[in-house]
Amino acid sequence: MHHYIQEQNAITMNSKRLIGSACIIVLLIFLLYRIPVIQVHLDEETFYLKEDRFELSWIHSVENEKWFEVYEKDGEDLFLSETYFKTYGAGVPADGEVIHSDDGYVHMKMNRSIPELNISVSNNVKTKIHTEEKTIDLYKLAQEYESVSISIEQLHLWEYIGGTFK
């Protein structure tokens, strides 16, 4: 009987060590693991996009036509993969490769890595972010001509869980 109790105590101690080790591993993951997300920072608000891709749109101030830029997460940077617009005019990239399209827009492949995107939004140009799920009217969230910064942020797991996503 005495031998049986010693074996049970050894098993109980090993179980406690195993549970303690598992708790430490979970805690380390929780403290050290980081998730890359797209961060949108306005003067008084910061929110995140869960998506890996978004389109930025606005109305061009000269041509009065919609203009779109397609961005993707690329490591720690944003990657401008494409732009499309209705008419050639001021600000049209000279180095983009034209992509055939039948939708009435001129599509250009861009392939540019950007650490941070800084834009000024206004009611005149109606700056928006489009994802597969939703459209976010930046010009309604920001003050007139406010600067908005879009970048990749590495969030700790607890920040991700408690973050504000749109």
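**View 1. Strands β8 and β11 run antiparallel and are joined by six bridges.** In this pairing S120 stands opposite S147 in β11. Two strands are taken to pair if DSSP finds at least two bridges between them. Strands (E, at least two residues) and helices (H or I, at least four) are DSSP runs, numbered from the N terminus. The model is predicted: local features need pLDDT of at least 70, side-chain atom pairs count only at pLDDT 80 or more, and totals for chains, interfaces and linings use all residues. Residues are numbered from 1 along each chain as its sequence is written, and side-chain values use heavy atoms, with hydrogens and water left out.

**View 2. Strands β2, β1, β11 and β8 form an open sheet in the order β2-β1-β11-β8, with antiparallel pairing.** The edges are β2 and β8, each of which pairs on one side only. On average, neighbouring strands of this sheet are turned by 35° against each other, direction ignored; axes are lines fitted to C-alpha atoms, for helices over the stretch in contact, and angles run from 0 to 180 degrees between N-to-C directions. β1 and β2 run antiparallel and are joined by four bridges, with Y48 in β2 as the bridge partner of Q39. β1 also pairs with β11 in the antiparallel sense, over eight bridges, and here V40 stands opposite I150 in β11.

**View 3. Strand β11 is largely enclosed by the rest of the structure, because eight of its 11 residues are buried.** Buried means under 20% relative accessible area, exposed over 50%, and partly exposed in between (1.4 Å probe, protein chains only). In the protein chain as a whole, 36% of the 166 residues count as buried.

**View 4. The largest nonpolar core holds 26 residues, of which V40, F54, I129, L138, V148 and I150 touch the most other members.** The elements that give two or more residues to this core are β1 (34-41), β2 (46-49), β3 (53-59), β4 (66-74), β5, β7, β8 (116-121) and β11 (146-156). β7 gives the most, with four residues. A nonpolar core is a set of buried Ala, Val, Leu, Ile, Met, Phe, Trp, Tyr and Cys residues joined through side-chain atoms within 4.5 Å. In soluble globular proteins, nonpolar side chains tend to be buried together.

**View 5. F54 touches residues that include I38, L49, V70, L78, I129 and I150.** E69, Y71, H130 and T131 are also touched by F54, not counting residues up to four places away in sequence. Contact means heavy atoms within 4.5 Å. Among contacts in the protein chain with a separation of 6 or more, 56% are between residues 24 or more positions apart.

**View 6. Strand β7 (residues 106-114) pairs with β5 (residues 77-85) in the antiparallel sense over seven bridges.** Here K109 in β7 is the bridge partner of E82. β7 also pairs with β6 (residues 97-99), again in the antiparallel sense, over three bridges, and V98 stands opposite M108 in β7. The hairpin of β6 and β7 has six residues between the strands, and in this hairpin G104 takes a positive phi near 90°.

**View 7. The protein chain contains three helices and 11 strands.** From the N terminus on, its elements run α-β-β-β-β-β-β-β-β-β-β-α-β-α.
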